Amino acid sequence: MLVDLRSDTVTRPTAAMRQAMAAADVGDDVYGEDPTVTALEQRVAALLGQEAAVFTPTGSMANQLGLRSLCPPGKEVLCDDAAHVVRAELGAAAALSGITTRTYGAPAGRIDVERITDLMRPDAGPYLVSTAAVVVENTHNFGGGTVAHLEDIRRLREVTRDAGLAMHLDGARLWNAHVASGTPLSAYGELFDTVSVCLSKGLGAPVGSVLASSAERVAEARVWRKRLGGGMRQVGILAAGGLHALDHHVERLADDHARARRLATELADAVPGCVDPSCVETNIVVLEVPDVAPIVARAREAGVLVGGLDARHLRVVTHLDVDDDAVDRAVQVLSDSLRATARG
Ligand SMILES: *Cc1c(COP(=O)(O)O)cnc(C)c1O
């Protein structure tokens, strides 16, 4: 059996989730007639302290629908240079919506209110690009699963409100931030104009994300979802997986976090210096290594899959399909691989 720690996207629906999906009441969602989709949208909107929500096939689409509703063509969105919206969405903001992005370095993906305030140009005049919106990612994926502090988000909200700028939350893993910090989802959600969340990461649904916002923005997002080819018909089958995940897979994220912390602690004991376990806040562990490729290859041969963030950093992600035995195996195989490649 492979232990797949490349991402929390690799989870497979549980037997109970498949049953809930098979039994879902469905209708044509393009006509607004799928009761299960509507139930999911309303539930997520309420959880996030927003008026309305729209179900999307992917988190990228949810993010892009949010960004385009906040930023007109020719204006810019500010985000950190490791944000998913700039690193992992294939230039969609520019390609689909005429949005430019301006980025700044943010260690571990942390919010730096002063830096962002310096960069914002709400009204840049006739020669420079004007800023329309700021993006926050929580937890921060390529930053190593770090949780954005509510206090920082609040300060950023004040600054952006004063400047007349909008804010988008890429909350693909907001569930993890909520469970790790104890902060209610709505306390995060209500500070933003648009919020995206993924059901197909740690929550374990096979497909699906949700964009939540005001009723007006969500109505506009529905038009653009259809225009982009994301109008889906009897999709309650998928929404049911999301509803099941909300009922059964949110609080258990604490187990993934505990396993990630244990994995980091045991690896740090076995191979001193490869990771600081105190930096592990949720389900993502980043290991610093001399060279990623041979370690990934060696671990794969031994049945453990991990991914590289860049040439010197491995990303190891715990999730629903990783139990205590899998963590034991991963510690064994990764520490062997790290030691073997250190010897050269
Ligand atoms: C996974 C992820 C998304 C969405 O990815 P899709 O593959 O398009 O569903 C968005 N933001 C972050 C931070 C992610 O990790």
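**Domain arrangement and sheets of the predicted model**

Contacts between the two parts of the protein, counted where heavy atoms lie within 4.5 Å, involve 19 residues of domain 1 and 12 residues of domain 2. The model is a predicted one, in which local features need pLDDT of at least 70 and side-chain atom pairs count only at pLDDT 80 or more, whereas totals for chains, interfaces and linings use all residues. Residues are numbered from 1 along each chain as its sequence is written, and side-chain values use heavy atoms, with hydrogens and water left out.

Domain 1 spans 14-248 and domain 2 spans 252-343, the bounds being taken from an automatic or database domain assignment. Their C-alpha centres are 28 Å apart. Between them, domain 1 and domain 2 bury about 1300 Å², of which 56% is on carbon and sulfur atoms; buried area is the accessible area (1.4 Å probe) that two parts lose on being put together, summed over both.

An open sheet of 7 strands has the order E2-E8-E7-E6-E5-E3-E4, with mixed pairing; strands (E, at least two residues) and helices (H or I, at least four) are DSSP runs numbered from the N terminus, and two strands pair if DSSP finds at least two bridges between them. Strand E2 (52-56) and strand E4 (100-104) are at the edges with a single partner strand each, so one side of each has no neighbour in the sheet. From one strand to the next, the twist averages 20 degrees, where axes are lines fitted to C-alpha atoms (for helices over the stretch in contact) and angles between N-to-C directions run from 0 to 180 degrees. Strand E5 (residues 131-137) pairs with strand E6 (residues 166-171) in the parallel sense over 5 bridges, and Glu137 has Asp170 in E6 as its bridge partner. Helix H2 (residues 35-47) packs on this sheet, where it touches E2, strand E7 (194-198) and strand E8 (209-213), and its direction makes about 125 degrees with that of E2. Helix H10 (residues 215-227), by comparison, lies across E2, E7 and E8 and runs at about 20 degrees to E2.

A further open sheet consists of 3 strands in the order E9-E12-E11, with antiparallel pairing. Strand E9 (284-288) and strand E11 (307-310) stand at its edges, each with a single partner strand, so one side of each is left without a neighbour. Helix H13 (residues 292-301) lies across E11 and E12, at about 35 degrees to E12.
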